[in-house]
Amino acid sequence: MLHGLVAGKLMLGTGLHLVTFCNVMLTILPKIQYPNYTFFYMPHFRFSLPPDVVLKSFEGIDLGNMDKTNPSGLAAYVASQVESALSWKIIKWLQSITRLPILVKGIITAEDTRIAMECGVSGIIVSNHGGRQLDYVPATISCLEEVVRETKGRVPVFLDSGIRRGTDVFKALALGASGVFIGRPLLYALAVDGEAGVSNALRMLRDELEIAMALNGCASLKDITRNHVSTESDRVLSSRL
Ligand SMILES: Cc1cc2nc3c(=O)[nH]c(=O)nc-3n(C[C@H](O)[C@H](O)[C@H](O)COP(=O)(O)O)c2cc1C
């Protein structure tokens with residue numbers, strides 16, 4: 001899955017989604033630094049699509065026993081790919097086979113944050129997988145602070161799902177994210193204009209973030225603080241005073 005990660009620097013790269021369990025995705029993200037960009041990439045796995053995969057459709061993709069006569073066949077197929085028997089133990093196993101940093105994706109509560117840190121993860125991605133897995137999951141921006149608070153700064157916390165503008169990036173950074181990932185906007189940009197479309201989308205996000213920073217009096221990312229945003233819980237708390 002192509003990800004753009006925006007934090008101080010614009011970041012673009014691919015993360016390898018290893019396995020999904022309990023709505024949590026394990027992602028390994030090696031990274032290399034360039035002057036203005038940080039790319040996350042997968043040199044060891046050399047991931048590429050099989051040549052016969054036709055991106056415009058599912059033609060060429062082996063969907064196993066998917067019932068093509070059932071309009072919900074794809075949803076059923078995807079559900080069947082989620083391994084419900086997996087548990088947190090898989091992190092220990094992964095750590096035994098790689099020295100690459102392991103991040104868990106799909107964390108939205110303090111409780112799961114605590115368990116993830118006990119398992120020794122290198123970072124956390126607050127995500128609801130773009131709201132595509134389970135209806136009624138909360139917006140990740142509303143879960144971010146709980147997770148950040150629980151980490152006590154010991155591991156970086158990233159956020160994805162619903163980042164659409166530079167102001168969304170600004171809000172996430174203000175609430176303690178080390179960076180954000182971007183999914184569909186970059187896929188759409190890729191579909192519209194290929195590499196140039198993705199560059200353009202990232203440039204727009206960067207410009208919007210810089211404008212939001214300027215209008216908030218922030219000369220650098222370090223100047224973005226919790227005081228720059230007001231949340232629903234702030235309003236509830238202040239109404240009780
Ligand atoms: C076509 C597509 C396939 C995806 N597949 C997975 C997946 O297999 N596992 C997962 O954890 N997230 C998956 N995601 C979610 C993304 O990794 C990411 O969390 C999400 O797209 C971020 O939200 P956004 O699209 O609103 O930026 C998928 C997203 C899309 C659009």
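Predicted model: local features only at pLDDT ≥ 70, side-chain atom pairs only at ≥ 80, totals over all residues.

Q: Where is Y136 found?

A: Y136 is in the loop between β8 and α4. Helices (H or I, at least four residues) and strands (E, at least two) are DSSP runs, numbered from the N terminus.

Q: What about the phi of Y136?

A: Y136 has a positive phi of about 75°, although it is not a glycine.

Q: And S161, what is its phi?

A: The phi of S161 is near 90°, a positive value in a residue other than glycine. S161 sits in the loop between β9 and α5.

Q: Is S161 buried or exposed?

A: S161 counts as buried, because it has 25 C-beta neighbours inside 10 Å.

Q: Back to the loop between β8 and α4. Is R132 there buried or exposed?

A: R132 lies in that loop, between β8 and α4. R132 is exposed, with 12 other C-beta atoms within 10 Å. From C-alpha to C-alpha, R132 and T98 are 29 Å apart in space, and in sequence they are 34 residues apart.

Q: OK, the whole chain now. How many helices and strands?

A: The protein chain has 7 helices and 10 strands. Of its 241 residues, 28% count as buried.

Q: What share of the contacts comes from residues 24 or more positions apart?

A: Such pairs account for 57% of the contacts in the protein chain with a separation of 6 or more. Two residues are in contact if their C-beta atoms, placed from the backbone, lie within 7 Å.

Q: Strands next. How many residues of β7 are buried?

A: In strand β7 (residues 102-107), 6 of the 6 residues are buried, so the strand is largely enclosed by the rest of the structure.

Q: Which strand is β7 joined to?

A: β7 runs parallel to strand β8 (residues 123-126), and 4 bridges join them; two strands pair if DSSP finds at least two bridges between them. V104 stands opposite I124 in β8, and the bridge partner of I107 in β8 is V126.

Q: What does β8 do with β9?

A: β8 and β9 pair in the parallel sense over 3 bridges. Here V126 is opposite L159 in β9.

Q: And β9 with β10, how many bridges?

A: 2 bridges join strand β9 (residues 157-159) to β10, and the two run parallel. L159 stands opposite V180 in β10.

Q: Which residues of β10 are on each side?

A: Strand β10 (residues 179-182) has G179 and F181 on one side and V180 and I182 on the other. These are all buried, and both faces of β10 are covered.

Q: What hand are the crossovers?

A: β7, α3 and β8 make a right-handed β-α-β unit. A crossover is right-handed if, with the strands pointing away from the viewer, the path from the first strand over the helix to the second runs clockwise. β8, α4 and β9 make a right-handed unit of this kind, and so do β9, helix α5 (residues 166-174) and β10.

Q: Now the helix pair. At what angle do α3 and α4 cross?

A: The axes of helix α3 (residues 110-118) and helix α4 (residues 140-151) cross at roughly 35° and come within 8 Å. Axes are lines fitted to C-alpha atoms, for helices over the stretch in contact, and angles run from 0 to 180 degrees between N-to-C directions.

Q: Which residues make the contact?

A: A110, T113, R114 and M117 of α3 meet E146, V147, E150 and T151 of α4.

Q: Last one: where is L215?

A: L215 is in helix α6 (residues 184-215). L215 counts as exposed, with 10 C-beta neighbours inside 10 Å.

Conventions. Residues numbered from 1 in each chain as written. Buried ≥ 20, exposed ≤ 12 C-beta atoms within 10 Å, placed from the backbone.
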